[in-house]
Amino acid sequence: MLIHSDSGMIVEYKGRRIALDPKNDTDVDLVFVSHAHTDHMHRSSDIGRRVLASRETLRIAEARGFRYHNASNEPDQMLEMIDSGHVLGSRALLIDDRILYTGDICTRDRAFLKGARLPRCDTLIIESTYGRKGFRFPSVDDVIHRVNMLIAEMYSKGIPVILMGYPLGKAQIITSLFRHWKPLYIHESVARMNRVYRELGIELGDDDAIVYSIKDDGYGNSLKYGPWLMVAPKQSNNSPFVKRMKKYHNAVTIAFTGWALTHWHSRFHDYTIPLSDHCDFYELVQVVNVCKPNKIYTFHGFAEEFASHLREMGYDAEALGSKCSILDYL
């Protein structure tokens with residue numbers, strides 16, 4: 001049985017209750033945390049419910065202020081954690097070789113991250129962030145080439161460039177991919193996560209980068225004159241930070257997100273690049289075809305549309321809505 005509520009999903013299987021990325025502390029036997037993005041974590045009470053997550057996820061969660069009191073990275077015999085390719089430490093959960101929960105998933109190799117390779121299962125619980133036809137991301141090689149051309153063009157004009165991505169995950173990818181441009185600055189919020197990545201054995205190649213602190217230098221007086229590259233957290237051109245960088249340095253912003261394929265997102269930055277840590281629509285379909293499930297539940301993003309498409313393909317697919325429901329599937 002799968003119970004879905006505003007707090008998250010709970011699988012009831014063979015007398016055990018397993019919460020999948022719950023938003024709140026939940027009365028279950030086990031809490032599974034797929035990765036360390038804040039929308040997949042919860043504030044743990046002192047009750048001591050057992051938490052299962054990868055070693056990397058637990059360390060990154062701690063660095064972000066989430067401490068779990070009874071955590072383990074060792075699943076029992078009925079459970080298996082599988083690399084989901086989303087961010088460092090992200091995992092899918094396979095229950096008894098039958099039920100597969102993807103968490104957030106990406107099947108493309110990117111810099112130091114390998115794409116997910118998932119097994120067959122009876123029941124698939126799959127994210128559908130980009131589960132609408134039309135979301136097809138370019139290859140990573142194409143993205144790298146386009147961005148290098150953009151940076152080269154800006155450098156030839158003496159214009160600094162700010163590359164923007166989520167502080168955990170995307171920012172480390174773009175640091176690794178474009179670290180060869182000098183001088184390289186790393187925004188302090190990104191630098192904190194980069195240090196944790198290095199602690200976990202991931203070398204990003206930013207050892208000679210300069211950490212930029214807004215507190216110490218809000219107007220960018222310490223930044224070198226002429227072109228430079230900075231990796232910063234994703235924010236719009238209307239944010240105080242970007243406004244200062246444009247006013248005093250004429251900087252150009254390049255944001256990395258799968259939503260770059262939508263028209264509405266392009267107005268927030270000078271350039272938007274479709275590089276995502278999720279599967280696109282066609283990759284999601286490929287995951288389903290590889291897993292060959294008898295029953296599919298879609299969640300997040302375009303869940304209804306993706307489930308409808310899968311039904312047209314002949315699958316038994318159902319979207320999990322926001323209202324509480326109890327679904328029998330075994």
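Here is what to select at each stop and what you'll find there.

**Before you start**

This is a predicted model, in which local features need pLDDT of at least 70, side-chain atom pairs count only at pLDDT 80 or more, and totals for chains, interfaces and linings use all residues. Residues are numbered from 1 along each chain as its sequence is written, and side-chain values use heavy atoms, with hydrogens and water left out.

**Stop 1: R110**

Select R110, in the loop between β9 (99-101) and β10 (123-127). Helices (H or I, at least four residues) and strands (E, at least two) are DSSP runs, numbered from the N terminus. Is R110 buried or exposed? With a relative accessibility of 0%, R110 counts as buried. Buried means under 20% relative accessible area, exposed over 50%, and partly exposed in between (1.4 Å probe, protein chains only).

Now show polar contacts: pairs of N or O atoms within 3.5 Å where, within protein, one must be able to donate a hydrogen and the other to accept it, and where residues adjacent in sequence count only if both atoms are side-chain atoms. The R110 side chain reaches the backbone oxygen of G85 at 2.9 Å. The backbone oxygen of H86 lies 3.0 Å from a polar atom of that R110 side chain. Leaving out residues up to four places away in sequence, R110 touches G85, H86, V140, I173, S276 and D277, where contact means heavy atoms within 4.5 Å.

**Stop 2: aromatic pairs**

Next, colour the aromatics. How many aromatic pairs does the structure hold? There are 17 aromatic pairs. Rings of Phe, Tyr and Trp (its six-membered ring) pair if their centres lie within 6.5 Å; planes under 30 degrees apart count as stacked, over 60 as edge-to-face and the rest as tilted.

Zoom in on F32 and Y101: the ring centres are 6.2 Å apart and the planes sit at 85°, so this pair is edge-to-face. F32 is in strand β4 (residues 30-32) and Y101 in strand β9, so the pair ties together parts that are 69 residues apart in sequence. Both F32 and Y101 are buried.

Then pick F112 and Y197, with ring centres 5.9 Å apart and planes at 80°, so this pair is edge-to-face too. The pair links distant parts of the chain, with F112 in the loop between β9 and β10 and Y197 in helix α4 (residues 188-199), 85 residues apart. F112 counts as partly exposed at 23% relative accessibility, while Y197 counts as buried at 1%.

For a group view, select Y130, F135, F137, W259, W264, F268 and F302, which form one aromatic cluster. Also have a look at R136, which lies over the face of Y282 at 3.7 Å from the ring centre. A charge sits over a ring if NZ of Lys or CZ of Arg is within 6 Å of the ring centre and within 35 degrees of the ring normal.

**Stop 3**

Select strand β17 (residues 295-299), where five of the five residues are buried. K295, Y297 and F299 point one way from β17, and I296 and T298 point the other way.

Two strands pair if DSSP finds at least two bridges between them. β10 and β17 pair in the parallel sense over five bridges, and the bridge partner of L124 in β17 is I296. β17 also pairs with strand β18 (residues 317-319), parallel again, over three bridges. Y297 stands opposite E318 in β18.

**Stop 4: helix α6**

Select α6 (residues 281-291), whose buried residues are F281, E283, L284, V285, V287, V288 and C291. They pack against β9, β10, β17 and α7. At the N-terminal end, D280 caps α6, with a side-chain oxygen 3.1 Å from the backbone nitrogen of Y282. Just after α6, K292 takes a positive phi of about 50°.

**Last stop: β15**

Finish on strand β15 (residues 252-256), which is largely enclosed by the rest of the structure, because five of its five residues are buried. V252, I254 and F256 point one way from β15, with T253 and A255 pointing the other way. Strand β11 (residues 161-165) pairs with β15 in the parallel sense over four bridges, and V161 has V252 as its bridge partner in β15. Three bridges join β15 to strand β16 (residues 271-273), and these two run parallel. There, the bridge partner of I254 in β16 is Y271.
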